[in-house]
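Colleague: I would like to go through a structure feature by feature. Please give the general idea each time, then the case at hand.

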Amino acid sequence: MSSTTFLFGQNTPKILSGLTDYIETISDKNSFPDQYHFDYAYKVTHNHSNDSIENFIIYSAEKGNYFALSKDLSDTELMVFDLSKNYLITFCSIDNNQYAISGPLSFFDQFKVDQKVYNFTKNLEKGKDKKKIKHISYTSSYKGVITEIDITNEKKFKNNGFKKGFWMIIQESNSTPTPLIEKGSILEIRTKTSKNQSKASINEVIKLDKNIILSNYKLIDFGALEQVKKDSL
């Protein structure tokens, strides 16, 4: 290892600390809501095509164009997707300090594989009492992939954060439109090919009163760097 590499390695923590300190000074809390309030937590199970199972929690509010994500209800780290501001904010603890680390929501789209095309049609219900049906199923087929979704209009699912959040997390895309959003909320998503199939579904809904207050955190807004760049031109 060269002496230059060694010195750079030694100074890396100082460089990173200096950068975050600078970003904190240019980050503006006034450009964000004072707090994010959540009324519901939805427990989700995602069975992947490779037989792995992933569990996570989606939080949403009865009113508000945002939702949040965590691995478990007990987690103190929370990712908030602000759909109005088009920002992703991670509330977490680092070295006993509370941080809100934010950046443009477009970062999330880098994980998507491609821009799928969906044309959902309603499945026919046979031999059932329509009064007892709590959800309606729709199917779309694209390039050998069959996607089925179950839609509900139950009140506890009818909020904008959940409507957009469940679909967005499973699709790993912010730009893919949420299907049939005007007809209700998605309860289950099933994907099938000739070789694989996966399913994501809501297992439990928990009513809660949860608040994330921004003033309790140090804001590190990476989007502020872009604004500084624009202002310097």
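**Reading the rings and the sheet**

Modeller: This is a predicted model. A place to start is Phe91, which is buried, with a relative accessible area of 0%.

Colleague: Which ring pairs with that of Phe91, and how is such a pair read?

Modeller: A pair of aromatic rings is described by how far apart the centres are and by the angle of the planes. The partner of Phe91 is Tyr217: the centres lie 4.9 Å apart and the planes stand at 70°, so the pair is edge-to-face, since planes over 60 degrees apart count as such. Phe91 belongs to strand β5 and Tyr217 to the loop between β11 and β12, so that the pair links parts of the chain 126 residues apart.

Colleague: Is Tyr217 buried or exposed?

Modeller: Tyr217 is buried, because its relative accessible area is 11% and the cut-off for burial is under 20%.

Colleague: How many aromatic pairs does the whole structure hold?

Modeller: A search finds 15 aromatic pairs. One of them joins Tyr36 and Tyr66, edge-to-face, with 5.1 Å from centre to centre and 75° between the planes. Tyr36 is in strand β1 and Tyr66 in strand β3, so this pair ties together parts 30 residues apart in sequence. Both tyrosines, Tyr36 and Tyr66, are buried.

Colleague: Which residues do ring pairs link into a cluster?

Modeller: The cluster consists of Tyr36, Phe38, Tyr59, Tyr66, Phe91 and Tyr217.

Colleague: Where do charged side chains sit over rings?

Modeller: Lys85 lies over the face of Tyr87, 4.9 Å from the ring centre. Likewise, the charged end of Lys207 is placed over the ring of Tyr40, at 5.0 Å from its centre.

Colleague: How many bridges join β5 to β6?

Modeller: Eight bridges join β5 (residues 87-94) to β6 (residues 97-104), and the two strands run antiparallel. Within this pairing, Cys92 has Tyr99 in β6 as its bridge partner.

Colleague: What is phi like at Asn96, in the loop between β5 and β6?

Modeller: Asn96 has a positive phi of about 65°, although it is not a glycine. Asn96 is exposed, because its relative accessible area of 79% is over the 50% cut-off. Asn86 also has a positive phi, near 60°, and is found in the loop between β4 and β5. Asn86 is partly exposed, with a relative accessible area of 43%.

Colleague: What do the totals for the chain say?

Modeller: The protein chain has three helices and 12 strands. Of its 233 residues, 38% are buried. Among contacts between residues at least 6 apart in sequence, 57% join residues at least 24 apart. The chain exposes about 14100 Å², of which carbon and sulfur atoms supply 51%.

Technical notes:
Residues numbered from 1 in each chain as written. Predicted model: local features only at pLDDT ≥ 70, side-chain atom pairs only at ≥ 80, totals over all residues. Heavy atoms only, no water. Pairing = 2+ DSSP bridges. Helix = DSSP H or I, 4+ residues; strand = E, 2+ residues; numbered from the N terminus. Phe/Tyr/Trp six-rings, centres within 6.5 Å; stacked < 30°, edge-to-face > 60°. Buried < 20%, exposed > 50% of the residue type's maximum accessible area, 1.4 Å probe, protein only. Lys NZ or Arg CZ within 6 Å of the ring centre and 35° of its normal. Contact = heavy atoms within 4.5 Å. Areas by Shrake-Rupley, 256 points an atom, 1.4 Å probe, with all protein chains shown as cover.
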